[in-house]
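Subject: Model handover

Hi,

Here is the model for your set-up work. My notes follow below it.

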Amino acid sequence: MVDRGERLLPEVTDTEALGRELAAGLRAGDLVVLDGPLGAGKTALTRGIASGLGVGGRVSSPTFVIARRHPAGERADGPPVPLVHVDAYRLGGSLDELDALDLDTELDDAVVVVEWGSGMAERLTGRHLLVRMSREPESEVRTASWEWVHTGAAH
Ligand SMILES: Nc1ncnc2c1ncn2[C@@H]1O[C@H](COP(=O)(O)OP(=O)(O)OP(=O)(O)O)[C@@H](O)[C@H]1O
Ligand SMILES: [Mg+2]
């Protein structure tokens, strides 16, 4: 997987497939920030990342849970790694609440994916994989662009 790119995603299975491809480049300590409006496919992409990492448990849109940890499982293309899936929507931009999730500790041994994390989660690491997702109204088609962004923030 190249470090940056852009892709048209006609169906949800395409979004999941992109997640699996992105997962191949992810190791413990990596942060993924997912940006995009409601229904853009952030959770679908996370499901693909989880599949690529081979972690256990079903990936869903957490209604009451803000962060869910999926235990490491078998992984074909790298060392097994847990996945922490965060939906920061309900944090409403509160950095205190984000801090309370102790994601910096999670990053010691896990990949952390944060939906609605733009503007908050970047400060957790010196670099992160930013995935921007968008959708057309009344259409299944989504688009995604991704790039590693270097912020120089301290972990
Ligand atoms: N090409 C596609 N990629 C992703 N999802 C698609 C696509 N086409 C249709 N869908 C549907 O759109 C919805 C995307 O929902 P998903 O929960 O992944 O979005 P989200 O960005 O996580 O939303 P939220 O902001 O509410 O968390 C799902 O119902 C999925 O089946
Ligand atoms: Mg979601």
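Which protein atoms are the donors of the magnesium ion (ligand 2)? They are OG1 of T43 and OE of E115, lying 2.1 Å from the ion. Donors here are N, O and S atoms within 2.8 Å of the metal (3.2 Å for Na, K and Ca); water is not among the atoms, so sites may look incomplete. T43 lies in helix α2 (residues 42-53) and E115 in strand β5 (residues 111-115), so the pair ties together parts that are 72 residues apart in sequence. Helices (H or I, at least four residues) and strands (E, at least two) are DSSP runs, numbered from the N terminus. T43 is buried, at 11% relative accessible area. E115 is buried too, at 3%. Buried means under 20% relative accessible area, exposed over 50%, and partly exposed in between (1.4 Å probe, protein chains only).

Ground rules, briefly. This is a predicted model, in which local features need pLDDT of at least 70 and side-chain atom pairs count only at pLDDT 80 or more, while totals for chains, interfaces and linings use all residues. Residues are numbered from 1 along each chain as its sequence is written, chains are lettered from A and ligands numbered from 1 in the order in which they are written, and side-chain values use heavy atoms, with hydrogens and water left out.

Ligand 1

Ligand 1 has 17 residues around it, and T15, K42, T43, A44 and R142 come nearest. A residue is near a molecule if one of its heavy atoms lies within 4 Å of it.

- K42: a polar side-chain atom lies 2.7 Å from an oxygen atom of ligand 1.
- L9: a polar backbone atom is 2.9 Å from a nitrogen atom of the ligand.
- W116: a polar side-chain atom lies 3.2 Å from an oxygen atom of the ligand.

The protein covers 76% of the 640 Å² of accessible area that ligand 1 has on its own. Accessible areas come from the Shrake-Rupley method with a 1.4 Å probe; for residues, only the protein chains shown count as cover. Two or more shell residues come from each of α1 (12-23) and α2. The most come from α2, with 3 residues. By class, the shell has 8 nonpolar, 4 polar and 5 charged residues. Ala, Val, Leu, Ile, Met, Phe, Trp, Tyr, Cys and Pro count as nonpolar, Asp, Glu, Lys and Arg as charged, and the others, Gly among them, as polar.

Overall fold

The protein has 4 helices and 7 strands. Along the sequence they run β-α-β-α-β-β-α-α-β-β-β. The radius of gyration is 14 Å, close to the 15 Å that the globule rule gives for 155 residues, so the protein is as compact as a globular protein of that length. That radius is taken over C-alpha atoms, and the globule rule is 2.2 Å times the number of residues to the power 0.38. The C-alpha trace spans about 40 × 35 × 30 Å along its principal axes. Of the 155 residues, 44% count as buried.

The loop between β5 and β6 (127-135)

E122 is found in this loop. E122 is buried, at 19%. Its side chain reaches the backbone nitrogen of G119 at 2.7 Å and that of M120 at 2.9 Å. T125 lies in the loop as well. T125 is buried, at 5%, and its side chain reaches the backbone oxygen of R127 at 2.7 Å. R123 also has its place here, and at 39% R123 counts as partly exposed.

Positive phi

Most residues other than glycine have a negative phi. Phi of D102 is near 55°. D102 is found in the loop between α3 (95-100) and α4 (103-106), partly exposed at 43%. Phi of E138 is near 60°. E138 lies in the loop between β6 and β7 (142-150), exposed at 83%.

Best wishes

Terms used. A polar contact is a pair of N or O atoms within 3.5 Å; within protein, one must be able to donate a hydrogen and the other to accept it, and residues adjacent in sequence count only if both atoms are side-chain atoms.
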